[in-house]
Amino acid sequence: MALQFFRVYSPWAPEVRLDCWRDALRALSANECAILRSFSHQSEREFLVGLRAFLQDWAATKLQSWQDAPEPPAPTVQTLGALLNGLPLVHQEIVFLTLAGYSPATLEKTLRITPAVAGEGLGRLRASYARVLERSEDRCLWPSTWIGICRAARAGGQKDCTPLRQLIRILDGQASWHDKTPAEEHRTKCLHCLELWTSLLEVVAWDRARQPWPEDQIEPLMVDTPAMPDKDHKSLLDRLFGR
Ligand SMILES: [Zn+2]
């Protein structure tokens with residue numbers, strides 16, 4: 001998942017992404033895996049959303065704004081807010097994930113929408129972001145700026161924002177109409193919740209697309225990780241998820 005994250009949100013070549021993952025893994029596992037253990041372990045998806053946020057924070061310290069594409073100019077929190085303002089929720093999701101770097105073909109799968117719906121949702125981007133719409137690969141044009149926008153959105157949560165656990169229930173169709181409708185109405189006006197919701201959709205899509213790695217390729221990804229305190233001889237993931 002980390003490598004999928006770096007593929008979309010960094011300008012780095014594949015071998016550099018592996019080095020970055022090893023660096024990030026050292027940070028995650030320092031002090032007896034203090035950061036790793038600070039993530040939610042109630043469910044795998046909550047854990048993965050936490051891991052994704054950590055990777056954004058970590059990448060923010062490595063990326064420089066000169067690495068962002070100069071044209072079209074990157075959005076800001078303000079211009080993004082203007083682009084989203086008044087759009088139906090699904091169109092907001094399309095705009096947000098398109099600017100994040102996703103091609104229409106990927107969005108159709110991630111959001112489970114038809115090409116016609118995807119096309120409608122992109123209407124507002126045609127004037128200023130035509131180049132974004134021409135791409136077929138999934139890669140953010142402005143990783144440094146976009147990650148900055150996501151971090152600002154994450155920091156801007158309010159009391160009435162929808163907790164991640166509730167968003168997962170909505171995604172799974174387990175929330176009642178009574179809970180779901182106000183959360184969705186709120187999300188049309190809240191960048192914090194839109195970022196959290198789309199990050200959930202993203203990790204679910206990455207998880208779905210995940211291929212098993214050959215064993216000989218896993219070993220080089222796991223360098224130098226200190227063991228967690230091992231009292232009960234369970235694996236790291238078993239302990240993290242309380243298995
Ligand atoms: Zn909110």
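Q: Which residues does Leu3 touch, not counting residues up to four places away in sequence?
A: Two residues are in contact if their C-beta atoms, placed from the backbone, lie within 7 Å. Setting aside residues up to four places away in sequence, Leu3 touches Arg17 and Trp21. Leu3 sits in helix 1 (helices are DSSP runs of H or I, at least four residues, numbered from the N terminus). Leu3 and Arg17 are 14 residues apart in sequence, yet their C-alpha atoms are 6.6 Å apart in space.

Q: What kind of model and numbering am I looking at?
A: It's a predicted model: local features need pLDDT of at least 70 and side-chain atom pairs count only at pLDDT 80 or more, while totals for chains, interfaces and linings use all residues. Residues are numbered from 1 along each chain as its sequence is written.

Q: Is Leu3 partly exposed or buried, and why?
A: Count the other C-beta atoms within 10 Å of its own: 20 or more is buried, 12 or fewer is exposed, and in between is partly exposed. Leu3 counts as partly exposed because it has 14 such neighbours.

Q: How many residues has helix 3, and what span does it reach?
A: The expected span is 1.5 Å times one less than the number of residues. Helix 3 covers residues 44-60, 17 residues in total, and reaches 24 Å from first C-alpha to last, close to the 24 Å expected. Its buried residues are Leu48, Val49, Arg52, Leu55, Gln56 and Trp58. These pack against helix 1 (2-9), helix 2 (14-38), helix 9 (143-155), helix 10 (164-171) and helix 12 (191-209).

Q: And what span should helix 9 have?
A: Its 13 residues should span 18 Å, and its end C-alpha atoms are 18 Å apart, so the two agree. The buried residues of helix 9 include Trp146, Ile149 and Cys150. Among the elements covering the buried residues of helix 9 are helix 3, helix 4 and helix 5.

Q: At what angle do helix 5 and helix 6 pack?
A: Two packed helices are described by the angle between their axes and the distance between the axes. Helix 5 and helix 6 (residues 104-111) pack at about 135°, with axes 11 Å apart. That makes helix 5 oblique to helix 6. From helix 5 the contact takes Val90, Glu93, Ile94, Leu97 and Thr98, and from helix 6 it takes Leu107, Thr110 and Leu111.

Q: What is phi of Asn31?
A: Near 50°, a positive value in a residue other than glycine. Asn31 belongs to helix 2 and is exposed, with 10 other C-beta atoms within 10 Å. Arg112 also has a positive phi, near 55°. Arg112 lies in the loop between helix 6 and helix 7 (115-121), and with 9 other C-beta atoms within 10 Å, Arg112 is exposed.

Definitions and conventions: Helix = DSSP H or I, 4+ residues; strand = E, 2+ residues; numbered from the N terminus. Axes fitted to C-alpha atoms, helices over the stretch in contact; angles between N-to-C directions. Parallel < 35°, antiparallel > 145°, perpendicular 65-115°, else oblique.
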